[in-house]
Amino acid sequence: MGLTAQAAGIYLLAVVPIGLFVAYSDLSRMKIPNLATDGLLLAYAILGFFVLPFSDYLWGYSHFAVMLLIGITLNAAGQMGAGDSKFIASAGPFVALSDLRLVLVLLAACFLAGYATHRIARHTPIRNLVPHWESWEQGKRFPMGFPLACTLIFYLLLVFLAR
């Protein structure tokens, strides 16, 4: 399949604001609103129809279904939040199967960078800028919406710039 630079560029127009909202919402409230995940899937439904070959567009929905089933299972096992599961499922159609390795590497890098940034920031004066954020007081829990959104944005950006 493979995603084209043109498709990635068009997707970025919708994904960047949604991703930034998801990161902010999860950092500040430890919640990823349905509005964001629904908006992400709606962006794929509309934009994907115009920028992808029709067969690739339809296959994108299988990515949604597979990721949703995996997310529901992980959520039921207490390993992932429901919002994180829904975000991953809604982001699934944007990712070309041939780019899965790249996305997994990006996810690992974004998770490590996001985790380190969040943990360091909560012990510095940066925390005083947004003292009301729920994520500061969550102990071992971490707002995964932050690295998940970064992963999707960076993936689309890399595809847009590399091809």
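User: Why are α4 and α6 called roughly parallel to each other?

Analyst: In this predicted model, helix α4 (residues 82-91) and helix α6 (residues 145-162) pack at an angle of about 5°, and angles under 35 degrees count as roughly parallel (over 145 roughly antiparallel, 65 to 115 roughly perpendicular, the rest oblique), so α4 and α6 are roughly parallel to each other. Their axes, which are lines fitted to C-alpha atoms over the stretch in contact, with angles running from 0 to 180 degrees between N-to-C directions, lie 10 Å apart. Helices are DSSP runs (H or I, at least four residues) numbered from the N terminus. Local features need pLDDT of at least 70, and side-chain atom pairs count only at 80 or more. Residues are numbered from 1 along each chain, and side-chain values use heavy atoms, without hydrogens or water.

User: What makes the contact of α4 with α6, and how is it made up by class?

Analyst: Contact means heavy atoms within 4.5 Å, and here Asp84, Phe87, Ile88 and Ala91 of α4 meet Gly145, Leu148, Ala149 and Leu152 of α6. By class there are six nonpolar, one polar and one charged residues, where Ala, Val, Leu, Ile, Met, Phe, Trp, Tyr, Cys and Pro count as nonpolar, Asp, Glu, Lys and Arg as charged, and the others, Gly among them, as polar.

User: How do you know how α1 and α2 run relative to each other?

Analyst: The axes of helix α1 (residues 5-29) and helix α2 (residues 34-51) cross at roughly 175° and come within 10 Å, and α1 and α2 are therefore roughly antiparallel to each other. Among the residues in this contact are Ile10, Ala14 and Phe21 of α1 and Leu40, Ala43 and Leu47 of α2, and by class the contact has 14 nonpolar, two polar and no charged residues.

Conventions. Helices (H or I, at least four residues) and strands (E, at least two) are DSSP runs, numbered from the N terminus.
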